Amino acid sequence: MTQVEPKKLEGLMLGQMMQFPLLISSILDYAEKHYSDTEIISRRTEGDVHRYSYQECAKRSKQLAQSLENLGLKPSSRIGTLAWNGYRHLEIYYGVSGSGMICHTINPRLFADQIVYIINHANDEAIFFDTTFLSLVEGLAPQCPNVKHWICLIDEDQMPVSDKVSLLNYERLIKAESGQYIWPIFDENAASSLCYTSGTTGNPKGALYSHRTTLLHSYASALPNALNLSALDSIMPVVPMFHVNAWGIPYAALIVGARLVFPGAKLDGQSLYELFETEKVTMSAGVPTIWAGLINYVQTNNLKFSTFKSTVIGGSACPPAMMKTLQNMNIEVIHAWGMTEMSPLGTVARLNVKDLSKTKEQQQEVLQKQGRVLFGVDMKIVDSQGNSLPHDGVAFGDLHVKGAWIIDKYFKAEESALIDGWFPTGDVSNIDSEGNMQITDRSKDVIKSGGEWISSIDIENVVAGHPEVGMAACIAAFHPKWDERPLLVIERKPNSQLSQDQLKIDILEFLQGKVSKMWMPDDVVFVDKIPLTATGKMQKLKLRELFKDYKLPTI
Ligand code: ADP
């Protein structure tokens, strides 16, 4: 397709406004100045709940910046974290990036050899870690010779000893500093933080964000059409700070002066519920698997939320049944889509003026899609030749994006990751005439049956609504005639009553009429647990391996 190049202009007059670089430290400065006594609450690995204010957070972040410099770390040094969501992790976000270093959040749930690869690839010089990860650190240290400092995030009097790694204590380090520190001013395009994709295929790849991209993303994500954050909110990011910067909440919350509640290591239904209630959380964010645990706890114990009013769900498709259940509890579900390479937010499902005259059911359909792009992001769908496809809600193809906070090159890659200036997301989707995007699959999960592409997500979304189904994954199984046919893998709910044979018949009946005949799974199999990735998504690659020799009854 011919692309129209933008016209080049000569002799432009420049504006005469101040140069005010968009730096991460300016967010903390703002919160300190205007929301100084707003609280940050954290469940700690020490076992208690810690509370302090933005003012104290700012002082300790500056003390941290001073200690990093005294440890000999330099601008752009990569500083890793292996940590839960908590106030010290927040101080690291600001202390490291604010002083011109790069905050590299590492997912501790990855395999140890992937973590070793990531630390060495990033060339991390110091790593902050929660005590939960001490034995992991002891295993990593000999394989990560460039890491000069392993710094344990715990009170001094609870500092563990290790005969394998020489450890520093976070509190002791920062206590030695005055906090009299002025954040340096530098180019807003400087790198601020680094996140690796979980690398379900091949080695993980790093997305290196800048101060500018982080600030623009934070502004956009706080807007009413996006996460709708305000100073009246108490936000609990359940999504980990090691998963794409907790979707940007640690920045956006400070921009609006919201109260922050960090859940620490305990992410089970009961622990989360208790924190929601005791800390009067109004807003949260997390992947569907987290909400499944919480909903199960609340329903089994006949409980109610008293302050919780909205949550962002993303990372994988939010099953419609989950959305309904939360809505019935008076919790608004904000379905969002994005990826590590996009900082991560790309689209958010929100009603538009035109939707207001639609029926409740039609509105629900809009809210279940992945949503409309935020200002700052553009998207298109293309066929296998790269031709743009119509936005008619029917045509589907590879989803490409571009925008102000989207990756150009992976960290240390020679070549740009872009195709004609667009980033290929690896997702397959359609876009309707009103701009609502709907993911039908990741390209590697699509089931190609004869000439037809079957959306595994559509089938899973229906099956997840069956009362006895805990989790459902639909994968491609080999078929000699059709190449691939859908195979449904089911993890039952703990209290599921029916026999496997009965449940199989029941699920297939439940699907009848809800998906086309051609899409009906050829078989249903049961597993104790559907394997999850390090970020809590269904690990379909593993399931495909597990069932690679599965003989469908239709063969
Ligand atoms: P990884 O899966 O490697 O950890 P990300 O966390 O960046 O990487 O995941 C990005 C991918 O997650 C997207 O490309 C998409 O496939 C999937 N995803 C994210 N949000 C949604 C959503 N709301 N619905 C469906 N898929 C989603």
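## A buried serine

S218 counts as buried because its relative accessibility is 0%, where buried means under 20% relative accessible area with a 1.4 Å probe, protein chains only. This is a predicted model, in which local features need pLDDT of at least 70, side-chain atom pairs count only at pLDDT 80 or more, and totals for chains, interfaces and linings use all residues. Residues are numbered from 1 along each chain as its sequence is written, and side-chain values use heavy atoms, with hydrogens and water left out.

S218 sits in helix 7 (residues 211–222); helices here are DSSP runs of H or I, at least four residues, numbered from the N terminus. Its side chain reaches the backbone oxygen of T214 at 2.6 Å. Leaving aside residues up to four places away in sequence, S218 touches Y251, A252 and I255 (heavy atoms within 4.5 Å).

## Two domains

The chain splits into domain 1 (24–343) and domain 2 (445–546), with bounds from an automatic or database domain assignment. Their centres, taken over C-alpha atoms, are 34 Å apart.

## Where they meet

On the domain 1 side, 16 residues are in contact with 13 residues of domain 2. Together the two domains bury about 1,200 Å², 65% of it on carbon and sulfur atoms; that is the accessible area (1.4 Å probe) lost on putting the two parts together, summed over both. Helix 11 (288–300) and helix 12 (320–328) are the elements giving two or more residues to the side of domain 1 that touches domain 2.

Methods. Buried < 20%, exposed > 50% of the residue type's maximum accessible area, 1.4 Å probe, protein only. Polar contact = N/O pair within 3.5 Å; in protein donor to acceptor, adjacent residues only side chain to side chain.
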